[in-house]
Amino acid sequence: MSAAPGSESRQERFDRGMETLSRVDGDGGRRVVEALADVSPELAHQIVAWGFGEIYRRPALPPRDRQLVTLGMLTALGGCEPQLEVHVRTSLKVGLTPQEIVETFLHAAGYCGFPKALNATFVAKKVFGELGLLPVAQE
């Protein structure tokens with residue numbers, strides 16, 4: 001998993017996180033790091049080194065499951081639509097289907113409320129439209 005605390009350099013932790021982030025998100029992660037470069041490069045470093053180099057790499061949950069959890073939490077929080085857009089794309093890359101993503105937001109309506117579920121669903125619709133995945137098949 002990871003080396004003993006303190007045995008890795010800051011750059012090694014970042015590099016490990018970028019490898020994970022690139023694997024699950026393609027260029028999206030790199031774009032976030034670049035967008036933060038002139039305002040908060042430290043936030044970018046922590047997202048990559050800790051968020052993806054440590055947390056996301058843990059073996060107990062595969063990336064697909066981590067994305068389901070992330071979609072649910074971002075929906076529950078509300079006001080995270082830009083991040084939700086990134087994670088809808090990432091969810092598709094790690095194997096979730098548009099139907100599963102839509103079902104996740106439908107399920108969230110019972111716990112988070114319709115407004116938050118609607119906002120999340122409209123984010124997904126935007127992403128699906130850009131990727132040519134509309135209409136989403138219904139069960």
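This is a predicted model: local features need pLDDT of at least 70, side-chain atom pairs count only at pLDDT 80 or more; totals for chains, interfaces and linings use all residues.
Trainee: What is the average pLDDT of the protein chain?

Mentor: The protein chain averages 93, and 96% of the residues score at least 70.

Trainee: Why is R16 called buried?

Mentor: Buried means under 20% relative accessible area, exposed means over 50%, and partly exposed lies in between (1.4 Å probe, protein chains only). R16 has 10% relative accessibility, and therefore counts as buried. R16 belongs to helix 1 (residues 10-25).

Trainee: What makes the pair of R16 and E54 a salt bridge?

Mentor: A salt bridge requires a side-chain nitrogen of Lys or Arg within 4 Å of a carboxyl oxygen of Asp or Glu. For R16 and E54 the N to O distance is 2.3 Å, so the pair meets that definition. The two residues link distant parts of the chain, with R16 in helix 1 and E54 in helix 3 (residues 41-55), 38 residues apart. E54 counts as partly exposed because its relative accessibility is 25%. In general, side chains of opposite charge can pair when their charged atoms come close.

Trainee: How do you know that the side chain of R16 also makes a polar contact with the side chain of E8?

Mentor: A polar contact is a pair of N or O atoms within 3.5 Å; within protein, one must be able to donate a hydrogen and the other to accept it, and residues adjacent in sequence count only if both atoms are side-chain atoms. The distance between the side chains of R16 and E8 is 2.4 Å, so the contact falls within the limit.

Trainee: How many salt bridges does a search of the whole structure find?

Mentor: The search finds twelve. One of the salt bridges joins the side chains of E34 and R30, at 2.8 Å from N to O. E34 and R30 are separated by about one helical turn, because they are four residues apart in helix 2. E34 is partly exposed because its relative accessible area is 46%, and R30 is partly exposed because its value is 33%.

Trainee: What makes E85 and R89 a salt bridge?

Mentor: The closest N and O atoms of E85 and R89 are 3.8 Å apart, so the pair lies within the 4 Å limit. Salt bridges that share partners join E85, R89, K126 and E130 into one network. E85 and R89 are four residues apart in helix 5, and so are separated by about one helical turn.

Trainee: Why is T90 called buried?

Mentor: T90 has a relative accessibility of 2%, and therefore counts as buried. T90 lies in helix 5. The side chain of T90 makes a polar contact with the side chain of D25, at 2.4 Å.

Trainee: Which residues does T90 touch?

Mentor: Contact means heavy atoms within 4.5 Å. Not counting residues up to four places away in sequence, T90 touches V24, D25 and Q67.

Trainee: Is H87 buried or exposed?

Mentor: H87 is buried, because its relative accessible area is 17%. H87 is placed in helix 5 (residues 81-93). Setting aside residues up to four places away in sequence, H87 touches Q67, T70, L71 and L74.

Trainee: Why is Q83 called partly exposed?

Mentor: Q83 has a relative accessible area of 41%, and is therefore partly exposed. Q83 also lies in helix 5.

Trainee: What is the peptide bond from L134 to P135?

Mentor: That bond is cis, with omega near -5°. P135 lies in the segment after helix 7. Most peptide bonds are trans.

Note on methods. Residues are numbered from 1 along each chain as its sequence is written. Side-chain values use heavy atoms; hydrogens and water are left out. pLDDT is the predictor's confidence in each residue, from 0 to 100.
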